[in-house]
Amino acid sequence: MSCGKPHETDCSEVLAEVWLLLDHECDEARDAQLRRHLDECGPCLARYGLEEKVKTLLGRSCGGEHAPEGLHQRLREQIRAAVLEQAEVTIERSPAGTVVEVNQTRVESWRS
C-alpha cells in the first residue's frame, strides 16, 4: 500500500510495524516516526484505524485472558514476518545501521 507521496518512512515499513505501535512496543523515536507518517498518509492512517479496531475486538472477545509471553512473542514475530514477506520488504539490522529494501511497488487508489 502506498499513497504515492514520498515519506521519510515507507508505507510498507509502517504497515509492517502497526501492531508494534498499537501495543506500545516501539521506542520513543520509532513511535514518533511512525505516527508522523500516519499524520501525513491517509491510506496508512485508515489501515491503522482498522487494525486498532481489530485489536479492540480481540481484547473484548478474549475476556482479559493473557497468552504466555513465549506464545505472544512467537506470534508477534510470525505476523511481522508474514507482513514483510507479503509486502516483499527485507530489513537488515547491523551495528552500522538498518537497511530496508522494498522489492515491489504497488499503488492503490482510494476514493471516498
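Is H24 buried or exposed, and what is its relative accessibility?

Modeller: H24 counts as exposed, at 65% relative accessibility. The classes are as follows: buried means under 20% relative accessible area, exposed means over 50%, and partly exposed lies in between, with a 1.4 Å probe and protein chains only. The model is predicted, so local features need pLDDT of at least 70 and side-chain atom pairs count only at pLDDT 80 or more, while totals for chains, interfaces and linings use all residues. Residues are numbered from 1 along each chain as its sequence is written, and side-chain values use heavy atoms, with hydrogens and water left out.

H24 sits in the loop between helix 2 (18-22) and helix 3 (28-40). Its phi is near 55 degrees, a positive value in a residue other than glycine. Helices (H or I, at least four residues) and strands (E, at least two) are DSSP runs, numbered from the N terminus. On that basis the protein has five helices and two strands, in the order α-α-α-α-α-β-β from the N terminus on.

A salt bridge is a side-chain nitrogen of Lys or Arg within 4 Å of a carboxyl oxygen of Asp or Glu. R30 forms one with E13, the closest N and O atoms being 2.6 Å apart. This pair links distant parts of the chain, for R30 belongs to helix 3 and E13 to helix 1 (residues 11-16), 17 residues apart. R30 also has a salt bridge with E17, at 2.9 Å between the closest N and O atoms. Here too distant parts of the chain are linked: E17 is in the loop between helix 1 and helix 2, 13 residues from R30 in helix 3. All three partners count as buried, with R30 at 15% relative accessibility, E13 at 13% and E17 at 4%.

Another pair, D31 and R35, forms a salt bridge at 2.9 Å, N to O. D31 is buried, with a relative accessible area of 19%, whereas R35 is partly exposed at 30%. Both residues lie in helix 3, four residues apart, about one turn of the helix. Salt bridges that share partners join E13, E17 and R30 into one network. The count of salt bridges comes to five.

A disulfide is a covalent bond between the sulfur atoms of two cysteines; the rule applied here is a pair of cysteine sulfur atoms within 2.5 Å. A search of the whole structure finds zero disulfides. C26 counts as buried at 18% relative accessibility. C44 is buried as well, with a relative accessible area of 0%. The closest cysteine sulfur to that of C44 is in C41, and because the separation is 3.6 Å, the two are too far apart for a bond.

To set the exposed H24 in context, buried residues make up 28% of the 112 residues in the protein. The protein exposes about 8,000 Å², of which carbon and sulfur atoms supply 52%; accessible areas come from the Shrake-Rupley method with a 1.4 Å probe, and for residues only the protein chains shown count as cover.
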